[in-house]
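Keep the sequence and the 3D view open while you read.

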Amino acid sequence: MAVARATLLRPQSNVSSSAPSSSAPGLPQTLKGRDVEDYAMWRCIEAHQGQRMSVPRGFKWSGGVLDQAYEKCGQVTSEYAKTFYLGTQLMTPAQAKAVWAVYVWCRRTDELVDGPNASKITPKALDRWEERLEALFDGKPYDELDAALTDTAAKFPLHIQPFRDMIEGMRMDLVKSRYETFDELYEYCYRVAGTVALMCMPIMGIEPSYKGQLEPVYRAALALGTANQLTNILRDVGEDAYQRNRIYVPLDELDKYGISEKELLTGLHAPTTGQMDDRWRTFMHFQITRARQYFTDAESGVDLLAPQARWPVWSALILYRQILDAIEANDYDNFSKRAYVPKWRKMVSLPVAYTRALMPARRR
Ligand SMILES: CC(C)=CCC/C(C)=C/CC/C(C)=C/CC/C(C)=C/[C@@H]1[C@@H](COP(=O)(O)OP(=O)(O)O)[C@]1(C)CC/C=C(\C)CC/C=C(\C)CCC=C(C)C
Ligand SMILES: [Mn+2]
């Protein structure tokens with residue numbers, strides 16, 4: 001069994017063959033936990049290393065519509081994610097447009113389960129969204145925003161698997177509102193955020209002088225996705241519990257700290273003082289320490305990225321990590337306060353990120 005699993009997950013030997021192998025039929029659905037991430041990571045590394053485009057180069061879509069489509073993607077990115085958008089300004093125009101196209105596809109996917117029409121979304125709607133994904137990777141986009149991603153897949157060696165995995169993550173949100181263990185939560189984090197890292201890596205590229213394996217760089221990228229999602233989850237504990245009856249923090253860990261599901265759903269302020277309950281403080285301290293470790297694991301990979309990608313990635317890392325500091329500064333009260341990074345702090349962090357991007361660790 002172990003041998004079979006390793007063969008399925010590791011790279012297949014004909015890495016540089018020209019035909020894109022977008023899937024091994026039947027396999028991904030049977031995978032669980034960290035194997036889901038490993039399977040997609042190896043498929044992405046194969047495509048990246050072999051520079052295999054999923055769509056034949058020279059994809060065309062009626063007249064100048066593609067230019068307009070990319071422009072729209074840029075507008076949406078700058079409206080919803082100012083820092084990501086700013087980060088793309090140092091990239092080549094082709095890279096920036098590709099990141100916008102990926103961003104818009106991710107945002108639209110998230111909106112299906114979290115947007116204004118979310119209550120009407122059925123598993124069928126997600127099936128339809130997945131059919132559209134398969135079609136756009138097959139060179140047959142449904143609308144102009146899909147066409148921007150098709151064009152991106154003709155220009156950069158993207159693999160379809162992380163896109164499929166993200167849709168499955170959104171399916172999880174339709175049917176699952178509790179996570180028993182950290183392993184279960186880890187799979188969710190990969191599906192909704194680690195996937196973003198796998199989608200972006202072949203666009204951002206690798207430092208040209210780096211001659212080592214891609215695996216450590218991809219592992220670091222995945223760590224950043226996980227760190228970001230764990231941070232999101234810790235920031236939104238109260239909102240998720242009160243407004244959506246959702247608990248993402250692992251139930252077995254709550255139990256270990258003597259906290260019941262019911263207490264979490266009503267908020268963990270001490271009845272006498274109104275301050276945060278001590279059990280919650282220690283629990284949160286543990287959660288924050290683990291999330292910080294994922295940020296630290298991500299750091300080693302940033303210097304191995306192509307120079308123009310380092311600043312946006314350092315910015316994302318430094319800014320997101322500060323949300324954890326903000327939760328601590330709120331005395332771990334993520335029930336009645338929303339942790340955020342004030343604008344002035346963001347402004348200070350951007351040049352810090354820029355300096356780190358210019359000075360890789362070996363020169364610091
Ligand atoms: C070596 C190394 C460190 C490489 C870096 C690789 C890399 C580019 C990693 C990116 C990591 C990253 C930014 C992950 C995004 C995580 C995230 C914000 C996921 C969001 C899910 C959260 O869902 P939830 O419903 O809990 O939260 P909301 O209340 O809805 O916020 C998502 C919403 C899923 C959809 C993701 C997006 C819309 C963001 C996609 C972002 C990009 C494509 C741009 C990334 C670009 C840069 C420059 C980092
Ligand atoms: Mn969301």
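**Domains, ligand and helices**

The C-alpha centres of domain 1 and domain 2 lie 23 Å apart. The model is predicted. The domain assignment of the chain gives 33-47 + 64-176 as domain 1 and 205-364 as domain 2. Ligand 1 lies between the two, because domain 1 and domain 2 both give residues to the shell around it.

**Where the domains meet**

- On the domain 1 side, 11 residues are in contact with 10 residues of domain 2.
- Two helices, α3 (34-49) and α5, each supply at least two residues of the side of domain 1 that touches domain 2.
- That side of domain 1 is made up of six nonpolar, four polar and one charged residue.

**Around ligand 1**

- The shell around ligand 1 has 30 residues, and A193, A197, A221, G301 and P312 come nearest.
- Elements that give two or more residues to this shell are α5 (82-88), α6 (93-114), α10 (182-204), α11 (215-235), α15 (278-302) and α16 (307-329).
- Helix α11 gives the most to the shell, with eight residues.
- By class, 21 residues of the shell around ligand 1 are nonpolar, six are polar and three are charged.

**Helix α4**

- Helix α4 covers residues 65-80, and its 16 residues should span 22 Å at 1.5 Å a residue. Its end C-alpha atoms are 23 Å apart, which agrees.
- Its buried residues are A69, Y70, C73, G74 and T77. They sit on the same side of α4, because they cover an arc of only 140° around the axis.
- The face turned away from that buried side carries the exposed residues D67 and E79.
- Cover for the buried residues of α4 comes from elements including α5, α6 and α8 (144-155).

**L66, a residue of α4**

- L66 lies in helix α4. Is L66 buried, exposed or partly exposed? L66 is partly exposed, because 19 other C-beta atoms lie within 10 Å, and a residue needs 20 or more to be buried.
- Leaving aside residues up to four places away in sequence, L66 touches W61, A147, A148 and D151.
- L66 and A148 are 82 residues apart along the chain, yet their C-alpha atoms are separated by 6.2 Å.

**Helix α8**

- Helix α8 has 12 residues and reaches 17 Å from its first C-alpha to its last. That is close to the 16 Å expected at 1.5 Å a residue.
- The helix is mostly covered, with nine of its 12 residues buried.
- The buried residues of α8 are L145, D146, A147, A148, L149, T150, D151, T152 and A153.
- Elements including α4, α6 and α7 (123-137) cover the buried residues of α8.

**Positive phi in two loops**

- N245 has a positive phi of about 50°, although it is not a glycine. N245 is found in the loop between α12 (237-244) and α13 (251-256). N245 counts as exposed, because it has 10 C-beta neighbours inside 10 Å.
- D331, a residue other than glycine, has a positive phi near 55°. D331 is found in the loop between α16 and α17 (343-358). D331 is partly exposed, with 13 other C-beta atoms within 10 Å; a residue is exposed at 12 or fewer.

Conventions:
Residues are numbered from 1 along each chain as its sequence is written. Chains are lettered from A and ligands numbered from 1 in the order in which they are written. This is a predicted model: local features need pLDDT of at least 70, side-chain atom pairs count only at pLDDT 80 or more; totals for chains, interfaces and linings use all residues. A residue is near a molecule or strand if its C-beta atom, placed from the backbone, lies within 6 Å of it. Helices (H or I, at least four residues) and strands (E, at least two) are DSSP runs, numbered from the N terminus. Ala, Val, Leu, Ile, Met, Phe, Trp, Tyr, Cys and Pro count as nonpolar, Asp, Glu, Lys and Arg as charged, and the others, Gly among them, as polar. Domain bounds come from an automatic or database domain assignment. Two residues are in contact if their C-beta atoms, placed from the backbone, lie within 7 Å. The expected span of a helix is 1.5 Å times one less than its number of residues. The arc is that of the directions from the helix axis to the C-beta atoms.
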